[in-house]
Amino acid sequence: MRNIVFRRLFELRVLHAYFLDNRKWSGKPQERFYDHPVEDQASLLTEKYDIQKDLYLQPTRQTAQLIDAMRLRWRMLPTGLVVGIEVNKIGNRFFPRFPISTDKLTFSFLIKVRNAYWYNFTNHALNLPWPAKYHFTNQIASGEVKSAPSLSNNPPGFVANSHRTWDMGELRIQNNQLQYATKINPTDSDFEPVNAGKPNYRWANTSDRRVLPKNFEFVFDEKSKPVDNVTFRLVRMSDNVEQKVINQTFSTPPDTFQVNFSDQPNDWYQLETQVNGEDFGPSQRILLSDEVAGSDVFGLVEMVHDAGLPDEFKLFEDDGALRIAEDPLQPNRWRPQAVFDIRLLSRPTYWRYQIKGKVPSATPVQSLGAKTLQTRLPRYLTQSTQRVVLDGGATPPFLPGPDNLNLHFDRNRREYFSEIFVSL
């Protein structure tokens, strides 16, 4: 009787800094998980990480049918998801037992949220004008810059006084340095390095938010108001043919407008938007999908088998073999090479302290009132214990980090903050 052998076709890891950063591992404290040596990263993921508590992935309807037809297997892991394929071993290489189409194959998975606080501790823009979901893929579109194993594109360019309001925490690259906005509606000076002096770890960002439901609410921000007229023009990307134009004039300026593309098929489009006769920024490359509606959908993953991809993003070798290699230090142990990351940065917030007792005076914090202190710069939320060390003495005093994930908004200061009550 023939033994059935499966090997990993590809693995998708969802790695969140909220759970992984600011941990001590092997006695070596590091702020970022990615600052640790690779072997320490692997140990930390094996023993102390389980993203399944906070989100889950499931195949789209079409991919579920494809998995059945190709006799594949998939399952969730504490780190994300793995897809396996039945193979024949030829020498030290593995080939699919059943022929794989030479045409493009797309494996699509929805990312759905389980944790009600997910958006509070994830660095995710909350005030985009459209409810775009994330799109993570091993494909690289024209103008995109990616670096394996991360599936994220470079952040968008920032222009002061731009067409939309930037959110606190949004990323940009300035002078080859990855930076985040320290304010809502920032000026060019309201940015700080994400990880000064360290590499760009290719975090998920607003450029990755490409997927829209076919019927969505467009929110006009303060920069656009009052709104007298709005136009949405949808152009199919495959042939550059206009598919639909929505034009609406208002007698009473609205705060929102319902955009309905329900009559359009799932496909890639350019969406051109005008508000009051002026372009609302550059046209957006979007994927319309009827599967991403719902507040629990965080994003869509599309892993594509395409011979034209760069080698590091391929699912198969050019001759059809799986991208698997024998571990040089552990004979007969095979390590998949097609491993891809979705890297999520934790949300930076100001830590605002309501003090009962004597109010300290120290450099890391500033006074906002008689009994209120706040950190001068945002600090990243992490699951591990954090503190703000104050000035003074061989054993300096400290203020604790947030003990909950409630997110507060200060409109006047254009900030998100975490509120902490302290007795001194």
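Biologist: How many aromatic pairs does the count come to?

Modeller: Keep in mind that this is a predicted model. Ring centres have to lie within 6.5 Å of each other to pair. By this rule, the count is 29 aromatic pairs.

Biologist: Take Tyr18 and Phe19: is their pair stacked, tilted or edge-to-face?

Modeller: Their ring centres are 5.0 Å apart, and the planes make an angle of 85°. Planes over 60 degrees apart count as edge-to-face. So the Tyr18 and Phe19 pair is edge-to-face.

Biologist: Is Tyr18 buried or exposed, and what about Phe19?

Modeller: Buried means under 20% relative accessible area. Tyr18 comes out at 10%, and Phe19 has a value of 10%. That's why Tyr18 counts as buried, and Phe19 is buried.

Biologist: Which residues form one aromatic cluster with Tyr18 and Phe19?

Modeller: Well, the cluster takes in Phe, Tyr and Trp residues. Besides Tyr18 and Phe19, its members are Tyr49, Trp118, Tyr119, Phe121, Tyr134, Phe136 and Phe298.

Biologist: Over which ring does the charged end of Arg32 sit?

Modeller: A charge has to be within 6 Å of the ring centre to count. For Arg32 the distance is 4.5 Å. The ring belongs to Tyr380.

Key:
Residues are numbered from 1 along each chain as its sequence is written. This is a predicted model: local features need pLDDT of at least 70, side-chain atom pairs count only at pLDDT 80 or more; totals for chains, interfaces and linings use all residues. Side-chain values use heavy atoms; hydrogens and water are left out. Rings of Phe, Tyr and Trp (its six-membered ring) pair if their centres lie within 6.5 Å; planes under 30 degrees apart count as stacked, over 60 as edge-to-face and the rest as tilted. Buried means under 20% relative accessible area, exposed over 50%, partly exposed in between (1.4 Å probe, protein chains only). A charge sits over a ring if NZ of Lys or CZ of Arg is within 6 Å of the ring centre and within 35 degrees of the ring normal.
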